[in-house]
Amino acid sequence: MIHGSCHCGEVRFELDWQIDECTTCDCSLCAMRGALMAKVPETALQVTAGADLLTLYQWNTHRARHYFCSRCGIYVFHRKRVAPDHFGVNARCLHDFDLTSAPVRATEGANMTVEDPNPRDRWPGPRVSRG
């Protein structure tokens with residue numbers, strides 16, 4: 001069991017999963033927040049405290065669901081756009097995990113489609129019109 005929390009410790013969670021890889025992503029959101037993520041199935045993540053303090057952020061297709069602690073602002077995990085039955089967990093929030101124990105693989109998010117009717121210029125990726 002791997003334990004994790006946000007910075008203030010109000011949001012706490014457990015992972016019943018062995019992490020064998022971490023990833024980075026070059027999409028605009030992940031690049032700006034400097035995320036180092038561990039992909040885990042939804043059944044492996046359990047929020048043990050502070051679920052009511054989680055704030056949801058969504059953009060573009062609204063398929064990915066990014067969760068932050070509403071008190072300290074730390075990104076703790078997100079439901080993935082391309083694998084909605086998995087979470088990307090902020091590996092830097094994990095207490096019982098050595099960040100150097102797993103290889104880090106870069107993933108490409110910058111070329112994912114942007115399907116927002118008013119996309120910001122800093123959102124890379126091909127534009128798709130909803131209509």
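## Reading the calls in this model

Q: F13 and F77: buried or exposed?
A: F13 is buried, and F77 is buried too. Buried means under 20% relative accessible area, exposed means over 50%, and partly exposed lies in between (1.4 Å probe, protein chains only). F13 has 1% relative accessibility, under the 20% limit, so F13 counts as buried.

Q: What kind of model do these values come from?
A: The model is predicted: local features need pLDDT of at least 70 and side-chain atom pairs count only at pLDDT 80 or more, while totals for chains, interfaces and linings use all residues. Residues are numbered from 1 along each chain as its sequence is written, and side-chain values use heavy atoms, with hydrogens and water left out.

Q: How many helices and strands does the chain have, and in what order do the elements run?
A: The chain has 1 helix and 10 strands. From the N terminus, the order is β-β-β-α-β-β-β-β-β-β-β. Both kinds of element are DSSP runs numbered from the N terminus: helices are H or I with at least four residues, strands are E with at least two.

Q: Why does the chain's radius of gyration agree with a compact globule?
A: For 131 residues, a compact globule would be near 14 Å, and the chain has 15 Å, which agrees. The radius is taken over C-alpha atoms, and the rule is 2.2 Å times the number of residues to the power 0.38. Along the principal axes, the C-alpha atoms fill a box of roughly 45 × 35 × 25 Å. Buried residues make up 44% of the 131 residues.

Q: How many aromatic pairs does the structure hold, and what makes F13 and F77 one of a given kind?
A: The structure holds 4 aromatic pairs. The ring centres of F13 and F77 are 5.9 Å apart with planes at 80°, so this pair is edge-to-face. F13 is in strand β2 (residues 12-15) and F77 in strand β8 (residues 75-79), so the pair ties together parts 64 residues apart in sequence. The rule covers rings of Phe, Tyr and Trp (its six-membered ring): centres within 6.5 Å make a pair, planes under 30 degrees apart count as stacked, over 60 as edge-to-face, and the rest as tilted.

Q: Y67 and F77: what is their pair called?
A: The pair of Y67 and F77 is tilted, with 5.5 Å between centres and 50° between planes. It links distant parts of the chain, with Y67 in strand β7 and F77 in strand β8, 10 residues apart. Y67 is buried, and so is F77. F13, Y67, F77 and F87 form one aromatic cluster.

Q: What sits over the ring of Y75?
A: The charged end of R33 does, 3.6 Å from the ring centre. The call requires NZ of Lys or CZ of Arg within 6 Å of the centre and within 35 degrees of the ring normal.

Q: What joins the side chains of H66 and R33?
A: A polar contact of 3.3 Å joins H66 and R33. A polar contact is a pair of N or O atoms within 3.5 Å; within protein, one must be able to donate a hydrogen and the other to accept it, and residues adjacent in sequence count only if both atoms are side-chain atoms. H66 lies in strand β7 (residues 65-69). H66 is buried, at a relative accessible area of 6%.

Q: Which residues does H66 touch, not counting those up to four places away in sequence?
A: H66 touches L29, R33, T55, L56, Y57, W59, F77 and H78. Contact means heavy atoms within 4.5 Å.

Q: How many disulfides does a search of the whole structure find, and what about C8?
A: The search finds 0 disulfides. C8 is in none; its nearest cysteine sulfur, in C6, is 3.6 Å away. A disulfide needs two cysteine sulfur atoms within 2.5 Å. C8 has 36% relative accessibility, so C8 counts as partly exposed.
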